[in-house]
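User: I'm new to this one and would like to learn how to read it. Could you walk me through it?

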Amino acid sequence: FLAHEVFINKRTPHVLKVENGIPNPDDALRIFCEVIGVTLFREPANIPTINEESPLYLDFPGISLSHRDDWMQTKETLDLLNVGTRVLVVNGAYDRGVIDQAISLSRLLGATHLALTHYDELSNSTKLWPTVLRSGLTPLCICYGQNVTGDFSVNVLNQLIARTFPEQLYARGIMRSTA
């Protein structure tokens, strides 16, 4: 998303690295931000004015499914920062039960959107249909491949259709008329 904001949308985003009581190393993100010209902040007080041309992205450490308090603390941090859009990032290759548990816990922090990663590693993408359709979260994107600057699609349903049904069905328009 950062590379997309910079190179495609021609915006200047900012990134806030949040520890929230859990170590959150920043080496890879710091280097990536430097390469694409994005400023990485460690303290919310240092962030310049946020607007349409300069959106703010927050990077939190992963939250354990067994630490409910960490989910609540994350919500408190997001509330203090007045963050309205809250994206749950889930590895789509995880077991369906793990994904469902993460989505259930994401309600504790007020998640609004869902980003699915590791789509290219799935042998059977049909397990994601219930997740996308019943999670209550707006599908934001689906990520695949190893290219950090662009292997993602905001057309989540199109990606699922393409991997679920034979190309002949949707290429002829059969799936288009029912989708």
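**Reading strands and backbone angles**

Analyst: Let's begin with a strand pair: β1 and β2 run parallel and are joined by 3 bridges. Keep in mind that this is a predicted model.

User: Which residue stands opposite Thr39 in β2?

Analyst: That's His14.

User: What is the strand order of the open sheet?

Analyst: The order is β2-β1-β3, so read it as 3 strands with parallel pairing. At the edges you find β2 (39–41) and β3 (56–59); each has a single partner strand, so one side of each has no neighbour in the sheet. Ignoring direction, neighbouring strands here are turned by 25° against each other on average.

User: Where is Lys10 found, and is Lys10 buried or exposed?

Analyst: Look in the loop between α1 (2–8) and β1 (14–17) for Lys10. Exposed means over 50% relative accessible area, and Lys10 has 63%, so it counts as exposed.

User: What about Asn82: what is its phi near, and where is its place?

Analyst: Asn82 isn't a glycine either, and its phi is positive, near 55°. You'll find Asn82 in the loop between α3 (68–80) and β4 (87–91). With a relative accessibility of 70%, Asn82 counts as exposed.

Methods. Residues numbered from 1 in each chain as written. Predicted model: local features only at pLDDT ≥ 70, side-chain atom pairs only at ≥ 80, totals over all residues. Heavy atoms only, no water. Helix = DSSP H or I, 4+ residues; strand = E, 2+ residues; numbered from the N terminus. Buried < 20%, exposed > 50% of the residue type's maximum accessible area, 1.4 Å probe, protein only. Pairing = 2+ DSSP bridges. Axes fitted to C-alpha atoms, helices over the stretch in contact; angles between N-to-C directions.
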